[in-house]
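Dear colleague,

Please find the structure below, together with its sequence. My notes on the sheet and on one of the cavities follow.

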Amino acid sequence: MSCGRKPSKRTKSQEFIYQEQCKNVALENGIRIGLEGDPDLQFLLKGGDLVKVKSASWRKTRFFQLSEDCKTVRQQTSKKFKKDSSFTLEDVYSVRYGRQTEGMQKYTDSDSSVEARCFSIVFKCRRSNLDLMASSAEEAKRWVSGLQKVINSMENLNRLQNSEHWFYDCMRKADKNADNKMSLKELKDFLRKINILVDDDYAEMLFKKCDTSHSGTLEGSEIKSFYNLLTHRQEVDVIYEKYAHTNGQMSSSDLLNFLHNEQREPVSLDYAHELIDKFEVDEIAKQNKHLSIDGFLMYLNHEEGSIFNPAHKAVYQDMHQPLNHYFISSSHNTYLVEDQLKGPSSTEAYVKALTKGCRCVELDCWDGENGEPVIYHGYTLTSKVLFKDVIKAIKDYAFKNSQYPVILSLENHCTIAQQKTMAHHLISILGSALLTQPLGNNMPTAFPGPEELKGRILIKGKRLNQLDAAFNNNTTEDVDSVSEEDEAAELKEDKPKPKGKTCNKIKLAKELSDLVIYCKSVHFRNFEHSRDNQAFYEMASFKESKAMDLAELSAMGFIHHNMDKLSRIYPAGSRTNSSNYNPVPLWNAGCQIVALNFQTPCKEMDLNQALFLPNGQCGYILKPEFLRDPGSQFDPVKLTVGPWLKKKTLHIMIISAQQLPKINKDNQRSIVDPHVRVEIYGVPDDNATKQTHHIVNNGFNPMWNTKFQFTVHVPDLALVRFVVEDHDVAKQNDLVGLYTLPFNSMQNGYRHVPLLTKRGSLIPSAGLFVHIMVLDA
């Protein structure tokens, strides 16, 4: 039932049978995920000693080994009474060779021979990085290469392979005596592990039906039969049989009818042939241009059968529009890992935000020791990180996942000397990536587009003069005073002000000022003042309460303001727990830089990641035409007739779910009682929520067949959110999984919906099966 190293001693004949079963499972069900015989995989399965580094003085040797399920890494301790620990590769964010984490840089020597032996495992969750040292550079490279291969292979599994992998892994765990057979008792334990509660009579019936040898155990082909019986998708059979009109199978014409009538895809017969070639598993059926039920299920479980339109997976929007015509994925107080008062600051927070597609990060800069500026949340107990270390991290990771421009939003509290040091670090570390002059040879009148700014880093901050000084020898004084950033001033709101003082001023160094090109920070008075007195590159930052008021009471004015300029929104200072505000009303008002606390898993961050899911997850989404056209009269609060009003009726049927994860993992007898909630977010008239009934004690294959209907007036601004929860009468429901996407990125027809954890990680085996139909209202 599993593959890899032996879980216990066996005789030679048992071992032969065991290896053959492992081989079959690996080949048929993807447990070895395409790496059979790979020397790096064999190296991981054998395992070896590594030095675990926690501080300059804490270094302990531990034995690490990839388990037989090919996804769990075990760490053996030498302590007699301490249980061995482990982690799953599904929770690994990245594997980094060398000294590429804060811990490694702080606690190991920069000597090249030492660096070559170092590597780190970075996790998706808040778990601390695992910093390790191998005995040689060769060994370190093998660990890194092997782990990356396994992780990449796991990520490339299709949904059906993930499902089978998960199923056989649960079966292996239920095989308590590791004899590769399943007794009735083990079968009952297995059913609990896969999140389904059945009575003893039903379990015994399943067992007897598969035990064709009457041996009292299931083994070999009997286990395969049990798998087929348990994972049989009756709801898929019904759909398939409706269109399989050619000797019990779908011909290419039958498939085309399905694609036209159910999936509502305007495709040709050639496309149907392509799907058959890609997904049909039976060679005879493939030669006959037929799609069997197995091939049909393969199609439904790949991206072609996903709810998310694969045409939106890559960058597909016009990226030559002015920068302010895009929503820009943005982070607030990016350096913080936890709360706003006493939590740690880290360069790792920048790495994670940037690799999530964030394109605007914040740096709160203060004077540090030894003339080196630091970043932390001023007037609090949050820890400090060196400014230059943050800039190095940004340089290394700014363009790993997206080539489009990154904006560094500077909140500057430093003295002149350390401002000059900041400017030096920005120029010396970022090099040619740092934008230090406007593009072109003449004073610009509008922003360049993301395409023109590819690979460039822009500085947002205060500037001593107007941008045209960049073309006029820039003769500004070396030092002058400017007003503080609005967000910085807010920090001091509760502090007593000197009598008669109305505005906080800071000294600004010319060296830092000159680096601010397209994002000059200015104070906002009102829309008329901005229109008449401020240039396109002068932008304001708004506290969430001020921005929400403008979006509700002066939405049209805010929209037209954002047609000419950039606006940045930031959370209220009272959100000390790093909670987030609802970004949707600000997007409805055309605000581009709606900054959120990326470290906090919540509905608001889920909506943010959904907005930026299409267009290659590049961090830029082109605003709808009615948020860019100066003649637009769009008001999201008071809807009128216009090009924005594309009224649609959304029909959703929640059919079933597959292999939902257990919520209470400590209690193996706990089974989820799932219900599904569908939520619509957009203009106020479109916000809606509907929920199914709950299914008792079945997280493996619950079926609802519940139909919902929604009216969506402005689909260009709507997001659709699916939430699966464990129903609980006595207390708050627990989240099982969720998925959110833009309305316009949904595909019609029978679709699988992937499910994510609250932190946005894919739950590989789980999903919803739904039917979507969008009609003109």
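**Sheet and cavity**

Helix H2 (residues 39–46) lies across strand S1 (48–53) and strand S2 (59–66) and runs at about 120° to S2. Helix H15 (residues 347–355) packs on the sheet as well, where it touches S5 and S6, and its direction makes about 115° with that of S5. Contact here means heavy atoms within 4.5 Å; axes are lines fitted to C-alpha atoms, for helices over the stretch in contact, with angles from 0 to 180 degrees between N-to-C directions. Helices (H or I, at least four residues) and strands (E, at least two) are DSSP runs, numbered from the N terminus.

The model is predicted: local features need pLDDT of at least 70, side-chain atom pairs count only at pLDDT 80 or more, and totals for chains, interfaces and linings use all residues. Residues are numbered from 1 along each chain as its sequence is written, and side-chain values use heavy atoms, leaving out hydrogens and water.

The sheet is open and has seven strands in the order S4-S3-S2-S1-S7-S6-S5, with antiparallel pairing (two strands pair if DSSP finds at least two bridges between them). Its edge strands, S4 (85–88) and S5 (92–97), each pair on one side only. Four bridges join S6 to the antiparallel strand S7 (residues 130–133); Ile121 has Leu130 in S7 as its bridge partner.

Ile121 also belongs to the lining of the second largest cavity, whose other lining residues include Phe119, Leu132 and Trp143. Lining residues have an atom within 4 Å of a point of the cavity, which is a set of points on a 1 Å grid over the protein atoms alone where a 1.4 Å probe fits but cannot get out.

Yours sincerely

Technical notes:
1 Å grid on protein atoms, 1.4 Å probe; cavity = no way out; pocket = protein on both sides within 12 Å on 5 of 7 lines; lining within 4 Å.
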